[in-house]
Amino acid sequence: MEKAESGRQQLLDLLGEAGTRPADEVIRALAYPERGVNPSIDLATVIARPDEFKDRLLAELALSPAEVEARIATPPGARHGYWLHTFALYLLALWEEPRAFPLIVSYLAADPIAADEQLQDVTTEDLPAMLARTYDGCDLGPLKALVENTGAPPFLRDACLRGLHAMARLGKLDRDGVVGYFEALADTVEHASNKDFIDVFAMSMAGLQEKRLRPMIDGWLAGGKIDKTLLRPIDVDATYDASYDELNEELTRRERFDELIDYLSEWPWFKMGDPPESEFDDDLDYGAEQPYVREGRKVGRNEPCPCGSGKKYKKCCLGNDL
């Protein structure tokens, strides 16, 4: 506790006058940051003054997907985007704030499809760690209900499932209990209602590196239950052979949260400039975010690349697709 307090004071000393700005002003800046403007100082100010900002960020997480969408659709101008909900997720997870956990789960459960569209890559990249970092032993029933909801997007269900694995990695859940839950789910994933879920489920099950579960995965592959353009035997081999530290970082994101300001500040929105005037269309309303339309099935960053290279998507064709 004393070390954390000392670190926050050092951060405030580095920020100087910028770190003393009124909380309302900082929140406004983080709600609709301008394209190409680095949010580092505002993020650092919040991190250095957690007691002033926690309740404000928790109120943001209490919003429903519909309420978040309304904020996305009403930026103050074409060069501004809505980011406060995303920042709230990361900052509260950084602080391991237990009050955030039920709010995150409620947000996801209220409209899983809308939440998945709003979170995009946050779902596959960091949601498991957010859930694990904020979990404090409360009822897991609502989270497991999301995992088992066949109407929810497969990647959202899988992120919630991997959140349980991350909790075990952080010592918050018994690992044998988590493995048992995966094993119980395995008996249901062959049902037609899970046809888009079994691929990601098998990959996450391989991440447990539990030998007794391997025959089940091999059986799904041999029986054509899994799309082999997304998961092949060599991919399963690579996951079983991966080091503990590599899989641990993918689940818990310790290093990412240790360098959170740098990580968030490198996101494309904060690096890119305005599009040339010729790219603006007078018929489009740039005051509202244009809807994202996904072409085909969403490929998670940690899935095998569809090109067949054997590498993970994020280390292969993701950059080209972007």
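Mentor: A charge sits over a ring if NZ of Lys or CZ of Arg is within 6 Å of the ring centre and within 35 degrees of the ring normal. Keep that in mind. This model is predicted.

Trainee: OK. Which ring does the charged end of Arg-169 sit over?

Mentor: The ring of Tyr-244. The distance to the ring centre is 4.2 Å.

Trainee: And what about Arg-157, which ring face does it lie over?

Mentor: That of Phe-197. Arg-157 is 3.9 Å from the ring centre.

Trainee: Switching to rings with rings. How many aromatic pairs does the structure hold?

Mentor: There are 14. Take Tyr-90 and Trp-267. Their ring centres are 5.7 Å apart and their planes are at 80 degrees, so this pair is edge-to-face. The cut-off for that is over 60 degrees.

Trainee: Where do those two lie?

Mentor: Tyr-90 is in helix α6, and Trp-267 is in the loop between α19 and α20. The pair therefore ties together parts that are 177 residues apart in sequence.

Trainee: Buried or exposed, Tyr-90 and Trp-267?

Mentor: Both are buried. They also belong to one aromatic cluster, with Trp-83, Phe-87, Phe-257, Tyr-263, Trp-269 and Phe-270.

Trainee: Why is the pair of Phe-201 and Trp-220 called tilted?

Mentor: Because the ring planes of Phe-201 and Trp-220 are at 55 degrees. Stacked needs under 30 and edge-to-face needs over 60; the rest count as tilted. The ring centres are 6.0 Å apart. Phe-201 and Trp-220 are buried.

Trainee: Which helices hold Phe-201 and Trp-220?

Mentor: Phe-201 lies in α14 and Trp-220 in α15, so the pair ties together parts 19 residues apart in sequence.

Trainee: How do α14 and α15 pack?

Mentor: At an angle of about 150 degrees, with axes 10 Å apart. That makes α14 roughly antiparallel to α15. The crossing is left-handed.

Trainee: Which residues meet there, between α14 and α15?

Mentor: From α14, Ile-198, Phe-201, Ala-202, Met-205 and Ala-206. From α15, Met-216, Ile-217 and Trp-220. So our tilted pair, Phe-201 and Trp-220, is among the residues that meet.

Trainee: New topic. Where does Lys-172 lie?

Mentor: In the loop between α12 and α13. Lys-172 is partly exposed, because its relative accessible area is 30%.

Trainee: What is Lys-172 in contact with, leaving aside neighbours within four places in sequence?

Mentor: Glu-96, Ala-132, Arg-133, Thr-134, Tyr-135 and Met-167. Take Ala-132. Lys-172 and Ala-132 are 40 residues apart in sequence, but 8.0 Å apart in space, C-alpha to C-alpha.

Note on methods:
Residues are numbered from 1 along each chain as its sequence is written. This is a predicted model: local features need pLDDT of at least 70, side-chain atom pairs count only at pLDDT 80 or more; totals for chains, interfaces and linings use all residues. Side-chain values use heavy atoms; hydrogens and water are left out. Rings of Phe, Tyr and Trp (its six-membered ring) pair if their centres lie within 6.5 Å; planes under 30 degrees apart count as stacked, over 60 as edge-to-face and the rest as tilted. Helices (H or I, at least four residues) and strands (E, at least two) are DSSP runs, numbered from the N terminus. Buried means under 20% relative accessible area, exposed over 50%, partly exposed in between (1.4 Å probe, protein chains only). Axes are lines fitted to C-alpha atoms, for helices over the stretch in contact, and angles run from 0 to 180 degrees between N-to-C directions. Angles under 35 degrees count as roughly parallel, over 145 as roughly antiparallel, 65 to 115 as roughly perpendicular and the rest as oblique. A crossing is left-handed if the near helix is turned anticlockwise from the far one by less than a right angle, and right-handed if clockwise. Contact means heavy atoms within 4.5 Å.
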